Amino acid sequence: MGEMKSMQMGVIGALFLSVASSVSIVICNKALMTNLGFPFATTLTSWHLMVTYCTLHVAYRLNFFENKPIDTKTVVLFGLLNGISIGLLNLSLGFNSIGFYQMTKLAIIPFTVLLETLFLNKKFSQKIKFSLFLLLVGVGIASITDLQLNFVGSVLSLLAIATTCVGQILTNTIQKKLNVTSTQLLYQSAPFQAAILFVSGPFVDKYLTSLNVFSFQYSPIVVGFITLSCLIAVSVNFSTFLVIGKTSPVTYQVLGHLKTCLVLAFGYTLLHDPFTPRNIAGILIAVLGMLLYSYFCSVASKSKQGSSESAFIGKDRDTTPLLSQEKENHEAKKLDKHSAV
């Protein structure tokens, strides 16, 4: 029982860390990009990952965690896939309207459910599917304002959805199948994620913004915000792997939409962004969907745990007579031998 409570506290801590760090980095990056005019999102992400790797390397040297070797091919492909998915999401935002980009992010949940059902034989109850539907409707109402379609943008969005879903499913699967922690996986994959974004980032950003990251005028305040963003990103990247490993890719995406609602609310209260009754209604529907999802998952988890305990008890009851019977047979054989002598 104590171990179960400790595990639940670990999950709650991971979820809280993920929400707090993600909302913080969104506010920091919004100030950096909107107020200070630094538009190089892909390059900034590569710096985030490099700082994350360096921080984890220092932690490893100080014996804060043990490094567990993972197959090089697996780590390289996993790192490159995650790096590509980030680049594709940024390109999707550049080629599409903000409304269609939000639709792309919303589509990640049903696509993840579909992939896990088809390839991992994971079952999602009708109640959980309904709660996810409610959540997506709410976030859609709150955040989608315009939908402008174009062929290139649609293709990029589909590729971004596919790579993001597969990357997040692999984040969960690799940790469980290879018995590695989120820290160990992030430590080994971060250099490859950073490398592909560091090389492609300046080109992607120049294509999207028509500006050169290397010729940008870096004032002390811009450098300060970039440093702050990179430090918060360490927590964001760590908590992402932690949450996906401890829960599931779908739960992580649900958490992501909670962050969206919180960012909208913070934007209204702190930055005085426009806020309409539609935004409020959407957020309330989304929060209801999240609460229902959390409740149904909790009920399913307890039911599964109860079934496992019943199976274990039943197994003990079934095996006891067999053991007793074997013992009786053995004694009977010994008596037969003595009788024969």
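User: Hi! To start, how many residues of the protein chain are there, and what share counts as buried?
Analyst: Hello! The protein chain has 341 residues, and 40% of them count as buried. Keep in mind that this is a predicted model.

User: Thanks. How many helices and strands are there?
Analyst: The protein chain has 10 helices and 0 strands. Read from the N terminus, the order of elements is α-α-α-α-α-α-α-α-α-α.

User: And what about contacts between residues at least 6 apart in sequence: what share joins residues at least 24 apart?
Analyst: That share is 88% in the protein chain.

User: Let's do helix packing. At what angle do α4 and α5 pack?
Analyst: The angle is about 175 degrees, and the axes are 10 Å apart. Helix α4 covers residues 98-119, while helix α5 covers residues 126-143. An angle over 145 degrees counts as roughly antiparallel, so α4 is roughly antiparallel to α5.

User: Nice. Which residues make that contact?
Analyst: From α4 there are Gln-102, Leu-106, Ile-109, Pro-110 and Val-113. From α5 there are Leu-132, Leu-135, Leu-136, Val-139, Gly-140 and Ser-143. By class, the contact of α4 with α5 comprises 8 nonpolar, 3 polar and no charged residues.

User: While we're in α5, is Ser-131 buried or exposed?
Analyst: Ser-131, which sits in helix α5, counts as buried at 0% relative accessibility.

User: What does Ser-131 touch, leaving out residues up to four places away in sequence?
Analyst: With those left out, Ser-131 touches Gly-289, Leu-292, Tyr-293 and Phe-296.

User: Switching to α7 and α8: how do their axes cross?
Analyst: The axes of α7 (residues 182-209) and α8 (residues 220-246) come within 10 Å and cross at roughly 125 degrees. The two helices are therefore oblique to each other. The α7 and α8 crossing is right-handed.

User: Which side chains are involved? I mean, which residues meet there?
Analyst: In α7 they are Ser-182, Thr-183, Leu-185, Leu-186, Ser-189 and Gln-193. They meet Asn-237, Phe-238, Phe-241 and Leu-242 in α8. By class, the α7 contact with α8 has 5 nonpolar, 5 polar and no charged residues.

User: And how does α2 pack with α8?
Analyst: Those two pack at an angle of about 65 degrees, and their axes are 8 Å apart. The crossing of α2 and α8 is right-handed.

User: Who meets whom in α2 and α8?
Analyst: Leu-44, Trp-47, His-48, Leu-49, Val-51, Thr-52 and Thr-55 are the α2 residues. On the α8 side are Ile-226, Ser-229, Cys-230, Ala-233, Val-234 and Asn-237. The α2 contact with α8 divides into 8 nonpolar, 5 polar and no charged residues.

User: How far apart are Ala-233 and Ser-21, in sequence and in space?
Analyst: They are 212 residues apart in sequence, and their C-alpha to C-alpha distance is 7.6 Å.

User: OK, electrostatics now. How many salt bridges does the structure hold?
Analyst: The structure holds 1 salt bridge. Glu-116 forms a salt bridge with Lys-122, and their closest N and O atoms are 3.9 Å apart.

User: Why would side chains like that pair up?
Analyst: Side chains of opposite charge can pair when their charged atoms come close.

User: And are Glu-116 and Lys-122 buried, partly exposed or exposed?
Analyst: Glu-116 is buried at a relative accessible area of 4%, whereas Lys-122 is partly exposed at 31%.

User: Last topic, backbone angles. What is phi of Asn-63?
Analyst: Phi of Asn-63 is near 65 degrees, a positive value in a residue other than glycine. Asn-63 is in the loop between α2 (41-61) and α3 (72-95). With 67% relative accessibility, Asn-63 counts as exposed.

User: And what is phi of Asn-179?
Analyst: Phi of Asn-179 is near 55 degrees, again positive in a residue other than glycine. Asn-179 belongs to the loop between α6 (151-177) and α7, and counts as exposed at 59% relative accessibility.

Note on methods
Residues numbered from 1 in each chain as written. Predicted model: local features only at pLDDT ≥ 70, side-chain atom pairs only at ≥ 80, totals over all residues. Heavy atoms only, no water. Axes fitted to C-alpha atoms, helices over the stretch in contact; angles between N-to-C directions. Helix = DSSP H or I, 4+ residues; strand = E, 2+ residues; numbered from the N terminus. Parallel < 35°, antiparallel > 145°, perpendicular 65-115°, else oblique. Left-handed = near helix turned anticlockwise from the far one by under 90°. Contact = heavy atoms within 4.5 Å. Nonpolar A, V, L, I, M, F, W, Y, C, P; charged D, E, K, R; others polar. Salt bridge = Lys/Arg side-chain N within 4 Å of Asp/Glu carboxyl O. Buried < 20%, exposed > 50% of the residue type's maximum accessible area, 1.4 Å probe, protein only.
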